[in-house]
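Please read it alongside the sequence and the structure.

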Amino acid sequence: MAAKKPELTGPQRIPVVMLFTETRGFTRTSDMLEPAVVLARISEFFALVQTAVKKHGGIVRNVLNDTLAASFAGDASAQRAVEAAQDIQREFAAFEESWERDYGIRTAIAVGLHAGD
């Protein structure tokens, strides 16, 4: 027998944390490299971010150019979002090294968090 879903009584406020992340210098990098290389590199970046978001219980909400937005809702949402951001920063170090070695391009990421109901 399937569990009964709780009835919704209307809109509710819940804590939500939004995570925003992007690569720095994406436009300059796109001008310097072949399109196939740019797409491959940005795909690697998005895969890294999506893995961290999923691992910590978040949901990817939007992807545009080199920017990704994700949300973390409910209990401990702030802690889970911070842990995802830390994973992203830690894992991006390998990308930084390979992009500089392979293409002579120094890159970085920007990560921002916003919390509210």
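Buried means under 20% relative accessible area. W99 has a relative accessible area of 7%, so W99 is buried. The model is predicted. W99 belongs to a cluster of rings and also lines the largest cavity.

**Sheet and helices**

- An open sheet is built from 4 strands in the order β2-β3-β1-β4, and their pairing is antiparallel.
- At the edges lie β2 (59-64) and β4 (109-116), each of which pairs on one side only.
- On average, neighbouring strands of this sheet are turned by 15 degrees against each other, direction ignored.
- Strands β2 and β3 (residues 67-73) run antiparallel and are joined by 5 bridges.
- V63 has L68, in β3, as its bridge partner.
- Helix α2 (residues 35-55) packs on the sheet and touches β1 (16-23), β2, β3 and β4. The direction of α2 makes about 5 degrees with that of β3.
- Helix α3 (residues 77-103) also packs on the sheet, where it touches β1, β3 and β4. The direction of α3 makes about 10 degrees with that of β1.

**Aromatic rings**

- A pair of aromatic rings is described by the distance of the centres and the angle of the planes.
- There are 5 aromatic pairs in the structure.
- In the pair F45 and F46, the ring centres are 5.7 Å apart and the planes stand at 45 degrees, so this pair is tilted.
- Both F45 and F46 are buried.
- F92 and W99 form an edge-to-face pair, with 5.7 Å centre to centre and 85 degrees between the planes.
- F92 has a relative accessible area of 2%, so F92 is buried.
- Ring pairs link F45, F46, F92, F95 and W99 into a cluster.

**Enclosed space**

- Rolling a probe the size of a water molecule over the atoms shows where empty space is left.
- The structure holds 1 cavity of 30 Å³ or more.
- The volume of the largest cavity is about 100 Å³.
- Its lining consists of T23, R24, G25, F26, T29, L33, V38, R41, I42, W99, I105 and T107.
- The elements that give two or more residues to this lining are α1 (26-32) and α2.

Technical notes: Residues numbered from 1 in each chain as written. Predicted model: local features only at pLDDT ≥ 70, side-chain atom pairs only at ≥ 80, totals over all residues. Heavy atoms only, no water. Phe/Tyr/Trp six-rings, centres within 6.5 Å; stacked < 30°, edge-to-face > 60°. Buried < 20%, exposed > 50% of the residue type's maximum accessible area, 1.4 Å probe, protein only. Pairing = 2+ DSSP bridges. Axes fitted to C-alpha atoms, helices over the stretch in contact; angles between N-to-C directions. Contact = heavy atoms within 4.5 Å. 1 Å grid on protein atoms, 1.4 Å probe; cavity = no way out; pocket = protein on both sides within 12 Å on 5 of 7 lines; lining within 4 Å. Points joined across faces, edges and corners; volume = space filled by probe spheres on them.
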